[in-house]
Amino acid sequence: MTAPIQSNPAAAGLSIVIPLWNEAAGLPQLHERVCAVAARLRDTRGLPVEIVYVNDGSRDDTEKVALSLPAQDADVQVVGLSRNFGKEAALLAGLEHARRGAVLFMDGDGQHPPSLVETLVARWLDDGYDVVYTAKAHRQNEPWLLRSGVHIFYSLINWGSRQKIPEDAGDFRLLSPRAAAALRQMPERNRFFKGLASWIGFRQLRVDYEPAAREHGKTSWNLWSLLAFSIEGLTSFSVAPLRVASLLGVAIAFVALLFGIWILFETWFYGKDVPGYPSLAVAIMVLGGVQLVMIGVLGEYIGKLLAESKQRPVYFVAEHQVKAAEDASTVPAKNAAKDAAE
Ligand code: UDP
Ligand code: MG
């Protein structure tokens with residue numbers, strides 16, 4: 001690239017990364033909507049766009065549908081993973097295959113409104129923000145239990161950390177070229193995107209939005225997978241659980257000390273015999289339980305260490321297709337730079 005192009009941030013373009021898992025039914029419609037946005041971005045801002053679909057080992061026709069999508073107003077890449085690796089892995093695959101400067105992540109189920117993309121791009125290009133993330137405007141339609149669970153999760157993960165992960169932030173976010181480059185440098189295998197995207201810093205901005213209802217199919221989350229994901233996020237991102245263990249140890253030791261003093265006091269001043277069996281049984285059970293839980297917590301971290309030390313790739317690519325935009329006006333980024341300079 002020549003110098004004047006680099007001086008214009010829009011010229012580097014935008015990669016829209018969309019992970020797909022069994023989304024065949026709604027994909028053509030989503031593609032149309034994203035292409036419409038791409039066309040508008042190209043015409044109004046001279047921003048070349050590519051769409052990166054990552055098929056995360058779908059069991060339906062997603063791959064076939066994705067491969068047949070037309071590259072109308074944007075380049076279209078289809079990256080097919082060798083099996084289902086999970087959304088975080090799919091996002092990483094998209095990030096690593098993205099060829100444009102800025103990267104935008106978006107769900108493939110239509111819940112992240114494509115119309116909001118232009119707003120996010122405006123915050124990046126006009127206001128110079130590096131990480132523009134979206135957050136649900138409210139969670140009123142979610143059960144109370146889930147909301148409190150989410151709240152506890154974020155208070156734990158943010159406990160004592162310098163860079164707080166914003167509550168309710170979703171995976172729908174835009175990263176400027178330098179933020180995307182920073183994210184690519186993170187070496188860990190256990191990825192927690194929301195956390196990483198916040199950890200890198202730079203200029204971050206929150207945009208509230210109203211998520212649409214899922215257009216078809218159903219969410220891949222249930223109570224257990226959410227819980228597993230939370231433990232995954234917590235342990236890969238913070239040492240709060242270990243701190244809880246230490247604090248709990250201190251608290252229990254303190255209570256035991258008070259109890260001991262109380263027993264001595266009773267024996268010396270009232271000459272009472274300490275009732276042995278119930279207090280012993282309770283003490284053994286409480287301590288045994290706490291110790292087992294904490295061994296479990298330690299085990300989570302050791303498991304993380306094991307996974308990281310194996311250095312396995314996060315995903316494998318089975319299929320890769322790149323289609324250049326049919327419309328010639330997207331291809332030469334030079335024109336875009338000139339337009340913008342005028
Ligand atoms: N997804 C994926 N791999 C998975 C599960 C989900 O790539 O193993 C994708 C899915 O196709 C969708 C996005 O991740 O584009 C969000 O999934 P979902 O709608 O099930 O989650 P929710 O919106 O309920 O958080
Ligand atoms: Mg969804």
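1. A strand, as the word is used here, is a DSSP run of E with at least two residues, numbered from the N terminus. By that reading, Asn-55 belongs to strand E2, which covers residues 49-55. The model discussed in this note is predicted.

2. Overall make-up. The protein has 12 helices and 8 strands. Its radius of gyration is 26 Å, whereas the globule rule gives 20 Å for 342 residues, so the protein is more spread out than a compact globule. Along the principal axes, the C-alpha atoms fill a box of roughly 95 × 40 × 40 Å.

3. Burial and contact range. Of the 342 residues, 34% count as buried. Take the contacts between residues at least 6 apart in sequence: 85% of them join residues at least 24 apart.

4. Back to Asn-55. Is this residue buried or exposed? Asn-55 is buried, because 29 other C-beta atoms lie within 10 Å and the cut-off for buried is 20 or more. Setting aside neighbours within four places in sequence, Asn-55 is in contact with Leu-20, Thr-62, Glu-63, Ala-66, Val-78, Gly-80 and Leu-81. Leu-20 is 35 residues from Asn-55 along the chain, yet their C-alpha atoms are separated by 4.8 Å.

5. Val-317. This residue sits in strand E8, residues 317-323. Val-317 counts as partly exposed, with 14 C-beta neighbours inside 10 Å. Beyond four places in sequence, its contacts are Val-79, Gly-80, Leu-81 and Ala-93. Ala-93 is 224 residues away from Val-317 in sequence, but the C-alpha to C-alpha distance is 8.4 Å. Gly-80 and Leu-81 are also among the contacts of Asn-55.

6. Ligand 1. Which of the 16 residues around ligand 1 come nearest? They are Pro-19, Trp-21, Gly-108, Thr-219 and Ser-220. Two elements give two or more residues to the shell: strand E1 (14-20) and helix H4 (87-97). By class, the shell around ligand 1 has 5 nonpolar, 6 polar and 5 charged residues.

7. Helices H2 and H5. Helix H2 (residues 27-45) packs with helix H5 (residues 116-125) at an angle of about 35°. Their axes are 10 Å apart. H2 passes H5 in a right-handed crossing. On the H2 side, the contact is made by Val-37, Arg-40, Leu-41 and Arg-45. H5 supplies Val-117, Glu-118, Val-121 and Leu-125. By class, this contact has 5 nonpolar, no polar and 3 charged residues.

8. Asn-22, a backbone angle to check. Phi of Asn-22 is near 55°, a positive value in a residue other than glycine. Asn-22 is found in the loop between E1 and H2. Asn-22 counts as buried, because 20 C-beta neighbours lie inside 10 Å and 20 or more is what buried requires.

9. Phe-202 is not a glycine, yet its phi is positive, at about 65°. Where is Phe-202 found? Its place is the loop between helix H8 (193-199) and strand E7 (204-209). With 13 C-beta neighbours inside 10 Å, Phe-202 counts as partly exposed; a residue is exposed at 12 or fewer.

Note on methods:
Residues are numbered from 1 along each chain as its sequence is written. Chains are lettered from A and ligands numbered from 1 in the order in which they are written. This is a predicted model: local features need pLDDT of at least 70, side-chain atom pairs count only at pLDDT 80 or more; totals for chains, interfaces and linings use all residues. Axes are lines fitted to C-alpha atoms, for helices over the stretch in contact, and angles run from 0 to 180 degrees between N-to-C directions. Helices (H or I, at least four residues) and strands (E, at least two) are DSSP runs, numbered from the N terminus. A crossing is left-handed if the near helix is turned anticlockwise from the far one by less than a right angle, and right-handed if clockwise. Two residues are in contact if their C-beta atoms, placed from the backbone, lie within 7 Å. Ala, Val, Leu, Ile, Met, Phe, Trp, Tyr, Cys and Pro count as nonpolar, Asp, Glu, Lys and Arg as charged, and the others, Gly among them, as polar. A residue is near a molecule or strand if its C-beta atom, placed from the backbone, lies within 6 Å of it. The radius of gyration is taken over C-alpha atoms; the globule rule is 2.2 Å times the number of residues to the power 0.38.
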